[in-house]
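Hi,

Here is the structure I promised to pass on. My notes follow below it.

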Amino acid sequence: MTSAPVRDQLADHLITPQNSALLLIDYQPAQVASVRSMDHELLIKNAVSAVRTIKTFGVPVVHSTVNVAAGQGPTIAELAALVEQDKPLDRTTVNSWEDTEFLAAVRATGRRKLILCALWTEVCMAFTALDALREGYEAYPVVDAIGGTSPEAHRAGLDRVIRAGGQPISWVSLACELQRDWARQETVADVVEIVLTDRLRKE
């Protein structure tokens, strides 16, 4: 058994650590509490697993919150601890793409494949993804790490993004797509711990 040569990590049509960035948007107490499309504990677990994976591969993170300056709670502790090196960009806009600092941070990554973990699905994820797609970016919402204000709203938000060209993924598929080959030893132990040891073998 011989692995094919590693593809061009910038030009690959699949997600790689070198061609992608994570947009982490509005994982704040009020938004999490308002999710009605999935269990809150599972939502947080999945978001944490997705961010741990991103950090394992050194994928850049654009971290955004809304209205913390006006009294909204900051990013929940479980995620804040993982992105403490990624200063949150606080906004007033519902659509992150309409905040100049956020947009500049996305462009500064130089990445065209944008992985989206954002609350809520039908609002902050959908609006950001739709604008990104319109500007020629690729959008990958992590479907089991986001949530909407109802199951119908979550599905409608995803459908809207998919119709515009977005490509939904799960947190497990994200981990496997970044790893790609178990012969790439540098990250195997961490991926096995995140995906199997800490999650799938326990549930």
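Helices (H or I, at least four residues) and strands (E, at least two) are DSSP runs, numbered from the N terminus. Bookkeeping: this is a predicted model, where local features need pLDDT of at least 70 and side-chain atom pairs count only at pLDDT 80 or more, while totals for chains, interfaces and linings use all residues. Residues are numbered from 1 along each chain as its sequence is written, and side-chain values use heavy atoms, with hydrogens and water left out.

6 of the 6 residues of β4 (residues 113–118) are buried, so the strand is largely enclosed by the rest of the structure; buried means under 20% relative accessible area, with a 1.4 Å probe and protein chains only. K113, I115 and C117 point one way from β4, and L114, L116 and A118 point the other way.

As for the whole protein, it has 8 helices and 5 strands, in the order β-α-α-β-α-β-α-β-α-β-α-α-α from the N terminus. Buried residues make up 49% of its 203 residues. Its C-alpha atoms fill a box of roughly 55 × 40 × 35 Å along the principal axes.

Cheers

Technical notes:
Buried means under 20% relative accessible area, exposed over 50%, partly exposed in between (1.4 Å probe, protein chains only).
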